[in-house]
Amino acid sequence: MSAIPHSKSAPPLNELTATEIVAAVKSGRATCEAVTRACLERIAAREPEVQAWQYINPDQAIAEARARDRTDKRGALIGVPFNVKDIIDTGDMPTEYGSPIYAGFQPRADASCVALSRKAGAVLLGKAVTTEFANFHPSRTHNPLDLTRTPGGSSAGSAASVADYMAALSVGSQTSGSTVRPAGFCGVFGYRPTYGELRCAGMMEAAASLDTVGLIARSIEDIALYRDVLLGETPVPIVENLPAPRIGFCRTHLWSMLEPSTQSLFEDAAKKLSRAGAKVADVTLPPDFDGIPDAHRLISGFEFARNLAWEVENHWEKISTTLRNGRITDGLTCSYATYLEARGLAERCRQQIGPIQENFDILLTTCATGEAPVGFATTGIAKLALIWTTMHVPAVSVPVFKGPAGMPIGAYLVGKRSGDRELFAHARWVQKVLA
């Protein structure tokens, strides 16, 4: 049911983090091909149960790894096996967007995040399963920590594959909570960047006012490394020895949606962080924020329905009833005037969140009501995460909690706009205290 345990001896190559893989390859302790083969062996053993991959070509991955071994091995991600959510274009692999409409579709070029990853020496293993057009209709992927549970959505295959040691890194996307919620459910790190800072070229647009790429990894150091690569920057380590952070504990108006056990986890965490030296204070959001879930629904629906005009007009019967009756209906019944009102509310809240955050280094909140739900009728509730997605601020889900069934729950840490690197440093401090 669970991922293989670590032994006291050196872990298998597929269990290394991206940062560890780069160090091993550059020092000659491992080859790109050996790391890739270890991941492929893990995939062969577990994929029949987990079903995280939409497309994989082992021979192609090994050939790419061998090509990396023939280079000077200076790339910032040299030899790191990764995948991308299957709404992200790949010039040498099919991209099907989670829909039968695009079965076998072959783009002509790599998305920017794929091209930048390959330029840095990473090895693309394949495409991760996504929900239909990165929306709410559940995918076939199972949670690798408990195969009876959902891994979340819509970056389902991304989170499951990284959690199960099939890949070291994955690029997902987020319009609501599609990176951070599955990361939390699967016990890995999920990062939603400051809106607009990482390029989305070559990624299927859901709602441009909200969309970002999302990064999934097994360490916060890997998240920081990957962000630098996708920015085209020379990677630098996360800042060390920062003082204990000022933390705003933000329950939001949706706190009653949380399971009582989850509420207790967060209440206890706030006390533990305070005892460790953090200055923790409660944060109450202004009344305007109560309207953000509805505003997000209208903004995302309006933009999504118009983005999918061709699919709606020509392939209606191939679209799930979940999507037809959900985001598409929301969008088609939303007038432009109502859409503008929703955007206006979102912008007012963005103007209000800045002054609130000035009093804190990070906010502590939640992006899920509890553990990953049993069954596959739902991927979980997105309302908790989408508040912060709509605010355009960076956030990261940190795997530090266990629920009543022993399944992971992420602490959701929210940073200041364009304060992503500071967020990483504070996230590491929180992880050390709570883990």
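The model is predicted: local features need pLDDT of at least 70, side-chain atom pairs count only at pLDDT 80 or more, and totals for chains, interfaces and linings use all residues. Residues are numbered from 1 along each chain as its sequence is written, and side-chain values use heavy atoms, without hydrogens or water.

Phi of Ala134 is near 60°, a positive value in a residue other than glycine. Most residues other than glycine have a negative phi, and most peptide bonds are trans. Ala134 sits in the loop between strand 3 and helix 5. Helices (H or I, at least four residues) and strands (E, at least two) are DSSP runs, numbered from the N terminus. Ser154 is found in the loop between strand 3 (123-128) and helix 5 (156-163). The peptide bond from Gly153 to Ser154 is cis, with omega near 0°.

Among the buried residues are Asp222, Arg227 and Asp228. Gly232 follows helix 7 and has a positive phi, near 75°.

Asn241 lies in the loop between helix 7 and strand 7 (246-250). Its phi is near 60°, a positive value in a residue other than glycine. Asn241 is exposed (over 50%), with a relative accessible area of 78%.

Helix 12 covers residues 336-357.

The buried residues of helix 12 are Tyr339, Ala342, Leu345, Ala346, Cys349, Arg350, Ile353, Ile356 and Gln357. They cover an arc of only 145° around the axis, which puts them on the same side of helix 12. The arc is taken from the directions from the helix axis to the C-beta atoms. On the other side, Tyr336, Glu341, Gln351 and Pro355 are exposed. The buried residues pack against strand 8 (279-283), helix 9 (292-307), strand 9 (362-365), helix 13 (383-390) and strand 11 (408-414).

## Helix 9 against helix 13

Helix 9 and helix 13 pack at an angle of about 75°, with their axes 9 Å apart. They are therefore roughly perpendicular (65 to 115 degrees) to each other. Ile292, Pro293 and His296 in helix 9 meet Lys383, Leu386, Ile387 and Thr390 in helix 13, where contact means heavy atoms within 4.5 Å.

Terms used:
The expected span of a helix is 1.5 Å times one less than its number of residues. Buried means under 20% relative accessible area, exposed over 50%, partly exposed in between (1.4 Å probe, protein chains only). Axes are lines fitted to C-alpha atoms, for helices over the stretch in contact, and angles run from 0 to 180 degrees between N-to-C directions. Angles under 35 degrees count as roughly parallel, over 145 as roughly antiparallel, 65 to 115 as roughly perpendicular and the rest as oblique.
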